[in-house]
Amino acid sequence: MARKLKVGVIGLGMMGTTHLDIYAQMSEVEVVAIADTNPDLLDGSLQAKGNIEGQAAGSVKALNVKKYSDGMGLVSDPKVELVDICVGTHLHFSFVEAALIQEKHVLIEKPLARSAEQARRIVELAKCSTKVVMSAMCLRYWPAWLWLKKAIDDNRFGACLSLNCRRHTSHPPGDFYSNSEQCGGALLDLHIHDTDFINFCFGMPQAVFSQGHLGPSGGIDYVSTQYIYNQAQRAIVHAEGTWDLQEGYGFSMSYTANFENATLNYVLADEETLMLFVAGDEPKNVELPDGMGYEFEIRECVDTILENRSTDMNLLNQAADSLVIIEAEQASIKYCSVVPIKERLD
Ligand SMILES: NC(=O)c1ccc[n+]([C@@H]2O[C@H](COP(=O)([O-])OP(=O)(O)OC[C@H]3O[C@@H](n4cnc5c(N)ncnc54)[C@H](O)[C@@H]3O)[C@@H](O)[C@H]2O)c1
């Protein structure tokens with residue numbers, strides 16, 4: 001029988017239960033341990049909720065595995081090979097550090113850490129480790145976003161002239177999302193998806209100009225950013241993110257990318273999510289693989305470990321760089337000025 005990767009999941013909230021659902025469908029994985037400080041989540045009497053369909057679908061009720069009332073116990077469990085870190089962002093660094101000391105592989109929910117400084121330290125720890133360290137920046141694996149990335153890279157529609165990304169929701173429930181010291185506000189928690197995807201497609205911008213305001217987390221919960229690239233990189237790139245919308249709005253994410261010879265428009269809520277417009281042709285629905293980015297990202301992590309591949313340092317460096325951009329956006333909002341970005345992790 002093929003070997004199964006033994007996984008422990010820390011944090012059984014929205015993302016931990018999303019990951020559990022995916023592991024339950026993977027024959028090459030065995031979940032051997034779970035951890036949460038909330039006993040009701042640990043015994044399954046309480047179930048976390050997601051903000052889009054398909055999230056938080058995993059249940060711990062049927063799991064006959066070791067249960068820890070704190071993630072640090074799971075980290076030292078000798079059976080666990082991969083520690084999947086799904087706790088709040090303010091705790092990511094300490095769990096990554098502890099897991100690497102115990103010589104475990106780690107998958108870290110996004111954002112990589114609470115600050116660029118912590119992210120940099122995770123990169124340094126990963127360089128000194130033989131274990132796989134992966135940041136779960138799920139848009140990089142989300143079919144409609146991957147399709148866009150490929151279209152930009154292979155120039156099939158000519159140069160990308162502009163990209164506009166939008167991510168809108170009402171304020172998510174829970175203590176974590178109400179504490180900007182922990183979650184970093186919508187700027188870090190929500191908008192980093194688009195910042196990181198823009199970094200993935202176009203590299204680090206030369207500068208950013210952002211405007212934003214405080215919201216229910218106590219941090220920046222609305223942000224609108226212009227990512228400024230030099231003239232060689234022709235695209236004009238903008239993203240807007242907020243979780244300051246009225247209760248009941250739900251969640252939406254979308255992008256519009258305009259190329260020399262085509263326009264692409266993605267809207268999560270539409271039946272035909274990704275539409276391609278080319279002058280002279282009928283608008284066309286782009287067929288995409290089923291599934292959300294979480295599934296493809298977790299498969300990539302598991303395959304990397306089972307195939308004895310090493311950490312993708314490009315991905316890790318870029319995930320850390322995205323925190324540098326986020327902090328520049330924060331400074332831009334504070335000083336109402338264009339903020340140059342000099343730093344880059346290699
Ligand atoms: N990839 C995505 O699209 C996406 C979406 C939402 C959240 N996230 C990220 O996932 C992470 C978790 O978010 P969430 O919405 O699941 O949060 P959550 O608050 O729903 O869940 C976190 C869980 O961790 C538990 N916990 C706290 N301290 C612990 C400890 N010491 N040991 C064990 N368990 C502990 C909490 O009790 C809670 O149940 C955050 O970093 C967030 O930014 C990613």
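## The sheet

Six strands make up an open sheet, in the order β3-β2-β1-β4-β5-β6, and their pairing is parallel. Two strands count as paired if DSSP finds at least two bridges between them; strands (E, at least two residues) and helices (H or I, at least four) are DSSP runs numbered from the N terminus. At the edges are β3 (66-68) and β6 (133-136), each of which pairs on one side only. On average, neighbouring strands of this sheet are turned by 25 degrees against each other, direction ignored. For such angles, axes are lines fitted to C-alpha atoms (for helices over the stretch in contact), and the angles run from 0 to 180 degrees between N-to-C directions.

Let us look at one pair of strands. Strand β1 (residues 5-10) runs parallel to β4 (residues 82-85), and four bridges join them. Gly8 has Val83 as its bridge partner in β4.

## How to read the model

This is a predicted model, in which local features need pLDDT of at least 70 and side-chain atom pairs count only at pLDDT 80 or more, while totals for chains, interfaces and linings use all residues. Residues are numbered from 1 along each chain as its sequence is written, and side-chain values use heavy atoms, with hydrogens and water left out.

## Around the ligand

The ligand is surrounded by 27 residues, the closest being Met15, Asp36, Thr89, Tyr177 and Asp189; a residue is near a molecule if one of its heavy atoms lies within 4 Å of it. By class, this shell has 14 nonpolar, eight polar and five charged residues. Here Ala, Val, Leu, Ile, Met, Phe, Trp, Tyr, Cys and Pro count as nonpolar, Asp, Glu, Lys and Arg as charged, and the others, Gly among them, as polar. Helices α1 (14-24) and α4 (92-101) each supply at least two residues of the shell.

An N or O atom in the side chain of Tyr177 is 2.5 Å from an oxygen atom of the ligand. A backbone N or O atom of Gly71 lies 2.9 Å from a ligand nitrogen atom. For Lys110, a backbone N or O atom lies 3.1 Å from a ligand oxygen atom.

## Two backbone details

Most residues other than glycine have a negative phi, and most peptide bonds are trans. Pro111 lies in the loop between β5 (105-109) and α5 (116-127). Glu103, in the loop between α4 and β5, has a positive phi of about 60 degrees although it is not a glycine.

Terms used
A polar contact is a pair of N or O atoms within 3.5 Å; within protein, one must be able to donate a hydrogen and the other to accept it, and residues adjacent in sequence count only if both atoms are side-chain atoms.
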